[in-house]
Amino acid sequence: MKFQTKALHTGVEVDPITGASSVPIYQASTFHQEEFDSTQEFDYARSGNPTRKALEHIIAELEGANYGFAFASGMAAITGVLLTLSSGSHVVACEDIYGGSFRALTRVFSRLGIQTAFVDASDLDKIDSAIRPETKMLLLETPSNPTLKIIDLKGAAEIAKRKGVITVVDNTFMSPFLQRPHESGIDVVVHSGTKFLGGHSDVVAGLVTVRDEALAKEIYLIQNGFGGVLGPQDCWLLMRGIKTLPVRMTQSQQTAGVLANYLAAHPKIKKVYYPGLDEHPGGKIHLQQADGPGAVLSFELDDAEAVRRFVKDLQLPMFAVSLGGVESILSYPVKMSHAAMPEPERLIRGINGGLLRFSAGLESPEDLIEDIEQALKGI
Ligand SMILES: *Cc1c(COP(=O)(O)O)cnc(C)c1O
């Protein structure tokens, strides 16, 4: 089946008891045990809930995995995966990782005896030389946030496999519609379901998928043991969002392409980062491992003052933290996603006061351009 069909028909879309057209929200914390010596599937909702199970099945299907796990947020999913490590383990992560992941690694996991080396993972040699005997995990994001750097997933997976390192990819920016890292040999895929998967800026959620059974058991131990599970209402919202993921992503990606070309040609724009532009570094590799450039782009104005005036005059996009909604979302990495990153670290990554990130929504691209055009006139 093609992805569009799978997003609607994974075998769990109809309620088996009533035939209802969506999975019921099982708003229950516990389950009556029919037998005194019960071995029934559901006993307590932290350990398992039928609504959550349906969502976990769907995300596993869409990522081409065997096991899915739903967490209370993207960060709960990412830290859940990191918690499978033990004290003394070493992590190699791409340097322009999501700000929240950077904070968790440098301020929380460092206290637990888990150190991280941040490397420019678009260079495979740098990954290779950062791996030490005690390195247990390689954490990657491609395209990265917010400068959309590309990492060769197959190459990274090969290096990691050779050295016995587990590979983890944060696939939030692409969604499984555009990129399925397991197909490139990646062990663990994580998502902030808050973004494209949910798609409507109305739910916070995280997902993890794996192919390997032993790894799945370790992640389940953390999901159940730490308890950062996704509630049934939010599982349902995510399943509802996923049904339209292919059409939303297709439309938003098309708009992002139009905007990237428009901005790249605009004299007031210093730089545009978008994997669909010919000059984007790693663009070729990206299109080998993904089905499209995505719906997120970043661009640079002269400085923070230009950004302030531009944002004040813009009418259409939400100016907000987040991405992947039906409405276009403009964010300011310096003060939002990367506020937790120290300034020197930010600047090395090109995240300066002039940089803005744009997540294309479903508005008419003409209206968006008109709005951007009038706001650019004022700077
Ligand atoms: C938003 C985001 C996260 C964190 O997800 P939450 O649902 O906000 O906890 C992680 N990675 C990326 C790439 C994100 O955009």
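**Entry 1: cavities**

I started with the largest cavity, which holds about 110 Å³ of space. This is a predicted model, in which local features need pLDDT of at least 70, side-chain atom pairs count only at pLDDT 80 or more, and totals for chains, interfaces and linings use all residues. Residues are numbered from 1 along each chain as its sequence is written, and side-chain values use heavy atoms, with hydrogens and water left out.

I noted the rule for the search. On a 1 Å grid over the protein atoms alone, a cavity is a set of points where a 1.4 Å probe fits but cannot get out. A pocket is an open set with protein on both sides within 12 Å along at least five of seven lines. Lining residues have an atom within 4 Å of a point. Grid points are joined across faces, edges and corners, and a volume is the space filled by probe spheres set on the points.

How many cavities of 30 Å³ or more are there? I count two by this rule.

I listed the lining of the largest cavity: A7, L8, V12, E13, S21, S22, V23, I58, W236, M239, R240 and K243. Helix α9 (residues 232-243) gives the most, with four residues. Helices (H or I, at least four residues) and strands (E, at least two) are DSSP runs, numbered from the N terminus. By type, the lining of the largest cavity divides into seven nonpolar, two polar and three charged residues. Here Ala, Val, Leu, Ile, Met, Phe, Trp, Tyr, Cys and Pro count as nonpolar, Asp, Glu, Lys and Arg as charged, and the others, Gly among them, as polar.

The second largest cavity has a volume of about 40 Å³. I find Y98, N145, K195, V321, S322, L323, S337 and R357 around it. They divide into three nonpolar, three polar and two charged. Domain 1 (3-243) and domain 2 (245-376) each give at least three residues to this lining. The domain bounds come from an automatic or database domain assignment.

Next I looked at the open spaces. The largest pocket has about 790 Å³ of space. Its lining has 34 residues, and E41, F42, K53, A54 and E56 lie nearest the centre. Two or more lining residues come from each of α2 (50-63), β1 (67-71) and α8 (213-226). Which element gives the largest share of this lining? It is α2, with eight residues. I sorted the lining of the largest pocket into 17 nonpolar, eight polar and nine charged residues.

The second largest pocket comes to about 330 Å³. It is lined by 24 residues, and Y98, S192, T194, K195 and S322 lie nearest its centre. Helix α3 (residues 74-82) gives the most to this lining, with three residues. The residues divide into 12 nonpolar, eight polar and four charged. I see at least three lining residues from each of domain 1 (3-243) and domain 2 (245-376).

**Entry 2: strand β2**

Is strand β2 (residues 90-94) mostly covered or open? I find it mostly covered, with five of its five residues buried. Buried means under 20% relative accessible area, exposed over 50%, partly exposed in between (1.4 Å probe, protein chains only). In a regular strand the side chains alternate between the two faces of the sheet. On one side of β2 I find H90, V92 and C94, on the other V91 and A93, and all are buried.

I then checked the neighbours. Two strands pair if DSSP finds at least two bridges between them. β2 runs parallel to strand β3 (residues 115-119), joined by five bridges. C94 stands opposite V119 of β3. With strand β4 (residues 135-141), β2 pairs in the parallel sense over four bridges. There A93 has L139 as its bridge partner.

β2, helix α4 (residues 99-108) and β3 make a right-handed β-α-β unit. Right-handed means that, with the strands pointing away from the viewer, the path from the first strand over the helix to the second runs clockwise.

I traced an open sheet of five strands in the order β8-β9-β12-β11-β10, with mixed pairing. Its edge strands are β8 (271-273) and β10 (318-319), each pairing on one side only. Strands β11 (residues 329-331) and β12 (residues 355-359) run antiparallel and share three bridges. I329 has S359 of β12 as its bridge partner.

Last, I looked up E305, which sits in helix α12 (residues 304-313). E305 is partly exposed, because its relative accessible area is 39%. Its C-alpha atom is separated by 46 Å from that of A65, which is 240 residues away along the chain.
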